[in-house]
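Subject: Model for you to look at

Hello,

Here is the structure I said I would pass on. Please open it first, then read my notes below.

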Amino acid sequence: MMNTPAQEHISAVEKIIGRAELAAASSPATATGWIHCSPTADITVPMSASDRGTAAKLTRDTLVAAGVRSGDRVVVALNNDGEPAGALIAGAAADVAAAVVNTGARGRMRLVKVIETVRANVLVITPTGAADLLARLHMEFLADPLDLELRLLVLTGEIADAKTARHLATEFGADVVNVFTDPVTSVPVAHHSNGSLVPTAPTQLTLVQLDSEKPLDPADTATLGEVVVRHEWHEKLSGLAVRTGYLARYGEDGGIQAPEHTAGDHILVRGRWLSIPNLTAALRRIDGITQWRLEVSRRGTLDAATLTVSFNRDSLVGNPMWRGRVEQALSALTPVSIAVAVDPTVREEPAAPVIADHRGHHLGERATVTTNSAQSHAG
């Protein structure tokens with residue numbers, strides 16, 4: 001039987017690695033030149049001049065495939081460090097469109113001012129950022145979204161459901177296209193079309209089984225697999241495929257559908273990947289913490305995260321210094337704001353950490369994920 005493109009792709013890969021193995025593969029301590037680095041150095045990837053040129057071309061090609069045209073005026077409202085990489089996207093868009101403004105992630109009122117001032121017709125933003133902008137336009141600015149005259153919304157950096165995309169398209173009177181950004185390099189490598197991922201370069205994306213390195217059979221449309229990205233264009237990472245943490249299924253046409261969930265030791269919050277092992281290690285260094293629970297929800301339009309910690313003695317429960325230590329530990333781990341709550345009950349017995357994603361996105365460790373668990377989360 002002839003191999004499918006996905007099977008041919010994976011058979012050519014020397015090794016599939018996770019993020020924890022990426023540091024050894026990319027040798028950041030001895031690398032020279034420009035190094036792509038996530039906010040807390042969980043991911044560090046050296047980029048040679050050739051790598052940077054190819055990354056820029058991949059980004060340009062992805063933007064064009066997503067619908068950006070030569071006469072467009074683009075505003076990029078994304079984080080400029082880590083994922084998603086606003087600076088990279090803005091630089092590539094400048095080579096494609098007529099004009100580009102890289103605002104970074106900024107307040108909605110200032111964003112509206114920029115869009116109006118430069119007469120932008122394309123906005124690149126996270127899905128929740130776009131939804132929040134829409135809500136503010138209606139409730140605070142008392143403005144009609146159609147007045148912005150946007151032609152295209154390019155969404156990236158988060159899981160976006162089809163319902164939200166349709167709502168944004170109707171309200172803004174614009175086309176809405178999701179772009180898949182590689183969490184390792186922050187390079188956009190695919191766009192969504194008719195519910196499926198269309199890779200910018202052939203054989204770049206495929207699905208593997210969660211409990212092994214075996215490729216998922218494209219004929220199996222019921223099972224969730226993990227999206228892996230092959231970096232054949234990169235000098236250091238060539239021959240490696242990296243697990244992204246995104247879960248998806250194959251569609252009836254054999255294409256990879258848009259990611260529905262995440263799994264593994266990183267959780268996606270407001271466009272940033274938070275390392276659960278790093279969080280565990282940081283809290284373990286704080287005396288007295290016996291249990292903790294991280295909850296992520298989407299209240300209205302934006303993600304909210306709360307960490308609840310339990311202490312083993314009463315003197316720490318109401319101690320503002322200990323609460324401050326937890327807050328400082330979190331600020332060192334992620335730029336995402338995480339609220340800290342203290343369990344009023346003393347709990348002397350240690351317990352395993354709990355990750356509760358009320359959005360239904362994160363399904364937990366790979367070994368515990370099943371199709372049924374995904375359906376229950378979605379429900």
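Is R270 buried, partly exposed or exposed? R270 is partly exposed, with a relative accessible area of 38%. The cut-offs: buried is under 20% relative accessible area, exposed is over 50%, and partly exposed lies in between, with a 1.4 Å probe and protein chains only as cover.

Some ground rules. This is a predicted model, in which local features need pLDDT of at least 70 and side-chain atom pairs count only at pLDDT 80 or more, while totals for chains, interfaces and linings use all residues. Residues are numbered from 1 along each chain as its sequence is written, and side-chain values use heavy atoms, with hydrogens and water left out.

Confidence

pLDDT is the predictor's confidence in each residue, from 0 to 100. The chain has a mean of 90. Of its residues, 94% reach 70 or more. Among the elements, strand β4 (residues 73-76) has the highest mean pLDDT, 98. Helix α1 (residues 5-11) has the lowest, 44. Over residues 1-13 pLDDT stays under 50. For that stretch the model has 22 contacts beyond four places in sequence. Contact means heavy atoms within 4.5 Å.

Overall form

The chain holds eleven helices and 20 strands. These are DSSP runs numbered from the N terminus: helices are H or I with at least four residues, strands are E with at least two. The radius of gyration is 21 Å, which agrees with the value near 21 Å for a compact globule of 379 residues. That radius is taken over C-alpha atoms, and the globule rule is 2.2 Å times the number of residues to the power 0.38. Along the principal axes, the C-alpha atoms fill a box of roughly 65 × 60 × 45 Å. Buried residues make up 53% of the 379. Take the contacts between residues at least 6 apart in sequence: 65% of them join residues at least 24 apart.

Cores

A nonpolar core is a set of buried Ala, Val, Leu, Ile, Met, Phe, Trp, Tyr and Cys residues joined through side-chain atoms within 4.5 Å. The largest has 30 residues. L22, F180 and L205 have the most contacts inside it. Elements that each supply at least two residues of this core include α3 (49-66), β9 (188-193) and β12 (225-230). β13 (240-248) gives the most, with four residues. L22 touches I17, I43, V45, V184, L237 and V242, not counting residues up to four places away in sequence. A second, separate core has 26 residues, including V269, L294, A305 and V340.

In α4 (residues 86-94), the residues G86, I89, A90, A92 and A93 are buried. They cover an arc of only 165 degrees around the axis, so they sit on the same side of α4. The arc is that of the directions from the helix axis to the C-beta atoms. Among the partners of these buried residues are α3, β4 and β9.

In α5 (residues 108-118), R108, L111, V112, V114 and I115 are buried. Their arc is only 160 degrees, which puts them on the same side of α5. M109, R110, K113 and T117 are exposed on the other side. The buried residues of α5 pack against β4, β5 (99-102), β6 (122-125), α6 (127-139) and β18 (302-311). R119 follows α5, with a positive phi near 55 degrees.

Loops

R270 lies in the loop between β15 (266-269) and β16 (272-275). Its phi is positive, about 50 degrees, although R270 is not a glycine. E149 also has a positive phi, near 55 degrees, and is a residue other than glycine. E149 is in the loop between α6 and β7 (152-156). At 53% relative accessibility, E149 counts as exposed.

G239 is in the loop between β12 and β13. It is buried, at 5% relative accessibility.

Q209 lies in the loop between β11 (205-208) and β12. Leaving aside neighbours within four places in sequence, Q209 contacts K214, P215, L216 and R243.

Best wishes
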